[in-house]
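Dear colleague,

I am handing over the structure below, together with some notes on what came out of it. Please read the notes with the coordinates open beside them.

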Amino acid sequence: MRRPAAALAALFLAALALRPQIVGIGPLLPEIQHDLGTSHAVAGLLGTIPVLCMGLFAPLAAYLAGRIGTGVAIAGALVLIAVFGLGRAVVPGVWPVVALTVGVGIGMGLGNALAPLAVREQLPGRPATGTGVYTTGIQIGSTASAAVAVPLAGALGGWRWALAVFSLAVLGLLAAWLLLVRPELHPAHARFRPPRLPFHSPRAWLLVAVFALMGTSYYGLNAWLPDAYAERGWSDGEAGLLVAMMNLTAIPASFVVPWLSERHGGRRPFLLGMSATFVTGALGLVALPAGAYGWALLAGVAQGGMFALVMTLPLDLEERREEVAALVAMMLGAGYTISASGPFVLGAVRDATGSFDGPLWLVVGLLSGLVAAVAALPRTRLRAA
């Protein structure tokens, strides 16, 4: 990548592909579950597996960036999402669908972990700006997929067609990435061997805790919030709109909040504010359902701003490219692996209790832990760039 403007545009477009195959599943889960004849817990695997792969394969991203270059590696990640996504849309039966979800998740995991490395290469002095650009792309992709999933399924003849459209769109985004970036195989700057993951660093494990608490809550809500409100008598379209709204306000927040943090007081006050806001939104969703759309919008602001800030933290806390790569790999690797339990655990709690009230209260508890973990982050390093 040579031109910063082209690189940022490419990062934004590529990021559009990194969430629809997870977030778009949420509003479609009732139809998928009915069509495939499976339980809440098994259906929850369609949300759990991609997040688990995002954790397990995040460390591989730094290795690939070092061997073939960040640009080529991101292109490969998009190919995996598109190809396995199309396969998942056509295979019969629940277990083939679950199996192909693994390939989709690997592509997401690689792309998600490669993006901070691309930011580090192009904008080393303004990490929040680059992070804000690609996290905004992630949020727009999430919002659009949640909003159009049910209408697409209704118009085209079922949930499989909706997933096929998401996958075909990735092929278009792949073409844009190749055109803007023109990645070269084995670029000279990519000859590095990432250091060992910082398993003995308390600071690194604190970042893992922050990311895991945030991610478990977010992916759990995306998977089951529509079902929770359908259980309360809402239509599929109305319930699915909750996820779309939660991701809608995340779009401006994912860019504006990190931008403000570079100019007014550093990351820490914004991290505390966003985590507290996330708890408030989740609490409203379970305790005051009459205002669900408002609470979803509030939770969206929090999760969008929080995600962008947390993705910036490795760039704040480390300076050398190899150290940034190692911290990103550990935070995303362990963080996403833990977060993957969200859809499955919440679905299992629903199966055990017969109601979604228990899973939603569990999310409130997790987000309360997030506030505590953020408060424990080191004060001196979380300053404006």
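Does Leu179 count as buried or exposed, and why? At 55% relative accessibility Leu179 lies over the 50% cut-off, and therefore counts as exposed. Please bear in mind here and below that this is a predicted model. Leu179 belongs to helix α9, which covers residues 159-181, and although 173 residues separate Leu179 from Ala6 in sequence, their C-alpha atoms are 9.6 Å apart in space.

On the α3 side the contact is made by Ile25, Leu29, Ile32 and Gln33, and on the α4 side by His40, Ala43 and Leu46. Sorted by class, this contact of α3 with α4 holds five nonpolar and two polar residues, with no charged residue among them.

Because 15 of its 17 residues are buried, α4 is largely enclosed by the rest of the structure.

Spanning residues 202-231, α10 has 30 residues and reaches 42 Å from its first C-alpha to its last, which is close to the 44 Å expected at 1.5 Å a residue. The kink in α10 is about 45° and lies at Trp224, shortly before the proline Pro226. Helix α10 is mostly covered, with 23 of its 30 residues buried, and just after its end Gly233 takes a positive phi of about 105°.

The other helix pair I examined is α14 with α15. Helix α14 (residues 292-317) and helix α15 (residues 321-339) pack at an angle of about 145°, with 8 Å between their axes, and α14 passes α15 in a right-handed crossing. From α14 the residues Phe307, Val310, Met311, Pro314, Leu315 and Leu317 take part, and they meet Val324, Leu327, Val328, Met331, Leu332 and Tyr336 of α15. The contact of α14 with α15 comprises 12 nonpolar residues, with no polar and no charged ones.

Which residues does Pro116 touch, once those up to four places away in sequence are left out? Its partners are Tyr134, Met311, Leu315 and Val328, and among these Met311 and Leu315 of α14 and Val328 of α15 also take part in the meeting of those two helices. Pro116 itself sits in helix α7, residues 94-122, and counts as buried because its relative accessibility is 1%. Between the C-alpha atoms of Pro116 and Asp316, which are 200 residues apart along the chain, the separation is 12 Å.

Two further positions complete the notes. Thr312, which is found in helix α14, has a relative accessibility of 0% and so counts as buried; its C-alpha lies 23 Å from that of Gly220, a residue 92 places away in sequence. Leu272, in helix α13 (residues 267-287), counts as partly exposed because its relative accessibility is 29%. Leaving aside residues up to four places away in sequence, Leu272 touches Val371, Val374 and Ala375, whereas Ala325, 53 residues from Leu272 in sequence, is 25 Å away in space, C-alpha to C-alpha.

With best regards

Terms used:
Residues are numbered from 1 along each chain as its sequence is written. This is a predicted model: local features need pLDDT of at least 70, side-chain atom pairs count only at pLDDT 80 or more; totals for chains, interfaces and linings use all residues. Side-chain values use heavy atoms; hydrogens and water are left out. Contact means heavy atoms within 4.5 Å. Helices (H or I, at least four residues) and strands (E, at least two) are DSSP runs, numbered from the N terminus. Ala, Val, Leu, Ile, Met, Phe, Trp, Tyr, Cys and Pro count as nonpolar, Asp, Glu, Lys and Arg as charged, and the others, Gly among them, as polar. The expected span of a helix is 1.5 Å times one less than its number of residues. The bend at a residue is the angle between axes fitted to the seven residues ending there and the seven starting there. Buried means under 20% relative accessible area, exposed over 50%, partly exposed in between (1.4 Å probe, protein chains only). Axes are lines fitted to C-alpha atoms, for helices over the stretch in contact, and angles run from 0 to 180 degrees between N-to-C directions. A crossing is left-handed if the near helix is turned anticlockwise from the far one by less than a right angle, and right-handed if clockwise.
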